[in-house]
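Welcome! Have a look at the sequence and the 3D model, and then we can walk through a few questions together.

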Amino acid sequence: MAESSIADSLSGYPCPDYAEIVVVRHGETAWNAERRFQGQVDIELNEAGKQQAAAVADRLSREPKISAIYSSDLQRAFETAQIIASTCGGLEVVKDFDLRERHMGDLEGLIYSELDKTNPLGYKALVSKNEDQEIPGGGESLVQLFERCTSALLRIGRKHRGERVVVVTHGASIETLYKWACPNGRPTVGIHNASVSVFHLYGDDKWILKVSADVSHMNHT
């Protein structure tokens with residue numbers, strides 16, 4: 001999204017009618033760089049990921065005040081959130097298990113491009129059009145992921161109406177939030193590491209996606 005559109009999305013802040021939820025994908029890890037499924041395996045940021053987290057933190061520090069920061073408890077997200085917190089006034093990061101990445105079962109640790117050979121059963125489950133299809137080895141279905149992530153964002157949004165809060169989470173989690181806010185089709189954008197998406201919650205359950213996976217702050221990294 002262009003910078004002018006981002007400015008427009010912030011022009012009405014603060015507004016008592018909605019909560020503004022700034023959703024950040026964590027910085028890069030070694031497994032991201034290898035295109036290896038992480039799921040809920042607890043992988044730390046690599047050096048590029050730390051630089052990305054610093055870039056998004058700098059951006060957020062120059063935008064309207066943040067009231068709270070929530071994060072997945074997985075290290076790559078929590079470390080990103082801590083970098084944001086230290087740059088934006090030293091807020092305490094609140095860990096939320098429900099903001100975790102999708103559990104990928106037996107696919108965790110495998111490289112995506114090799115799945116059809118290394119785990120054909122898991123690959124078939126992954127690409128299934130059945131949203132109730134679970135991933136073999138204890139992995140979540142898309143429906144389970146949707147219910148977990150949307151309930152977390154609702155809980156946060158209802159608590160912070162009239163405020164601006166940051167949520168640091170994961171790629172698949174953000175994709176399911178797009179599906180929620182855009183039921184007729186999610187934006188055709190890649191959710192890159194340290195990208196920023198902005199949601200507004202009106203009332204108890206009306207979500208609007210205002211900014212889609214913006215990475216304009218990453219131009220210098």
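Some questions and answers on the sheet, its helices and the cavity follow.

This is a predicted model, in which local features need pLDDT of at least 70, side-chain atom pairs count only at pLDDT 80 or more, and totals for chains, interfaces and linings use all residues. Residues are numbered from 1 along each chain as its sequence is written, and side-chain values use heavy atoms, leaving out hydrogens and water.

Q: What is the strand order of the open sheet?
A: Strands are DSSP runs (E, at least two residues) numbered from the N terminus, and two of them pair if DSSP finds at least two bridges between them. β3 (93-95) and β6 (206-214) are the edge strands, each pairing on one side only. The six strands, with mixed pairing, have the order β3-β2-β4-β1-β5-β6.

Q: Which residue in β4 is the bridge partner of Glu20?
A: Strand β1 (residues 18-25) runs parallel to β4 (residues 164-169), and six bridges join the pair. In β4, Glu20 has as its bridge partner Arg164.

Q: Which strands does helix α3 touch?
A: Contact means heavy atoms within 4.5 Å, and helices are DSSP runs (H or I, at least four residues). Helix α3 (residues 47-61) packs on the sheet, and the strands in contact are β1, β4, β5 (196-202) and β6.

Q: Which residues line the largest cavity?
A: A cavity is a set of points on a 1 Å grid over the protein atoms alone where a 1.4 Å probe fits but cannot get out, and lining residues have an atom within 4 Å of a point. The lining consists of Arg102, Ala125, Leu126, Ser128, Asn130, Glu131, Gln133 and Leu142.

Notes
On a 1 Å grid over the protein atoms alone, a cavity is a set of points where a 1.4 Å probe fits but cannot get out, and a pocket is an open set with protein on both sides within 12 Å along at least five of seven lines; lining residues have an atom within 4 Å of a point. Axes are lines fitted to C-alpha atoms, for helices over the stretch in contact, and angles run from 0 to 180 degrees between N-to-C directions.
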